[in-house]
Amino acid sequence: MRDSTRRALERAAELTRNNRLVDAMALAEPVLLAADEYESAEIRQWLVEHADDFTREI
C-alpha cells in the first residue's frame, strides 16, 4: 500500500475517533476509489487489522 494511502487511513481513523465521521469519509473516499485491485486488498487487510483504531476511546 502506498504511504499516502496508509496516512489517509490513519487520519480517517483519527477523525472518526474524534466524532468527525463526515470529514473522515471525505478524506478516505477518494483514496479508496483510486486504489487498484491489489491495493484494495491491502486496504481491506489493513482495515481488518486496525478496526480498533476507528473505535477506541481517545
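Select A8 and show what surrounds it: leaving out residues up to four places away in sequence, A8 touches L27 and V31, where contact means heavy atoms within 4.5 Å. A8 belongs to helix α1; helices here are DSSP runs of H or I with at least four residues, strands are E runs of at least two, and both are numbered from the N terminus. With a relative accessible area of 9%, A8 is buried (buried means under 20% relative accessible area, exposed over 50%, partly exposed in between, with a 1.4 Å probe and protein chains only). For a distance across the chain, pick the C-alpha atoms of A8 and P30: they are 22 residues apart along the chain and separated by 9.8 Å.

The model is predicted, so local features need pLDDT of at least 70 and side-chain atom pairs count only at pLDDT 80 or more, while totals for chains, interfaces and linings use all residues. Residues are numbered from 1 along each chain as its sequence is written, and side-chain values use heavy atoms, with hydrogens and water left out.

**α1 against α2**

Next, select residues 3–17 as helix α1 and residues 21–34 as helix α2. Their axes are 8 Å apart, and the packing angle is about 165 degrees. Axes are lines fitted to C-alpha atoms, for helices over the stretch in contact, and angles run from 0 to 180 degrees between N-to-C directions. The two helices, α1 and α2, are therefore roughly antiparallel (angles over 145 degrees count as roughly antiparallel, under 35 as roughly parallel, 65 to 115 as roughly perpendicular and the rest as oblique). The crossing of α1 with α2 is left-handed; that term applies if the near helix is turned anticlockwise from the far one by less than a right angle, and right-handed applies if clockwise.

To display the contact, colour T5, A8, L9, R11, A12, L15 and T16 in α1, then L21, D23, A24, L27, A28, V31 and L32 in α2. Sorted by class, this contact of α1 with α2 holds 10 nonpolar, two polar and two charged residues. Ala, Val, Leu, Ile, Met, Phe, Trp, Tyr, Cys and Pro count as nonpolar, Asp, Glu, Lys and Arg as charged, and the others, Gly among them, as polar.

**The loop at N19**

Move to N19, in the loop between α1 and α2. N19 is not a glycine, yet its phi is positive, at about 60 degrees. Its relative accessibility of 73% makes N19 exposed. From N19 to E29 the C-alpha distance is 17 Å, over 10 residues in sequence.

**α1 against α3**

On the α1 side, select T5, R6, L9 and E10; on the α3 side, E39, I43 and W46. That contact of α1 with α3 divides into three nonpolar, one polar and three charged residues.

Which residues does I43 contact, leaving aside its neighbours within four places in sequence? They are M1, T5, L9, L32 and A35. I43 sits in helix α3 and is buried, at 4% relative accessible area. Its C-alpha atom is 15 Å from that of A24, 19 residues apart along the chain.

**Helix α4**

Finish with D53, in helix α4, residues 51–55. Is D53 buried or exposed? D53 counts as buried, at 15% relative accessibility. Show side chains to see the polar contact between D53 and R56, at 3.0 Å; a polar contact is a pair of N or O atoms within 3.5 Å, and within protein one must be able to donate a hydrogen and the other to accept it, with residues adjacent in sequence counting only if both atoms are side-chain atoms. Not counting residues up to four places away in sequence, D53 touches A13, R17 and W46.

A51 also lies in α4, and is partly exposed with a relative accessible area of 41%.
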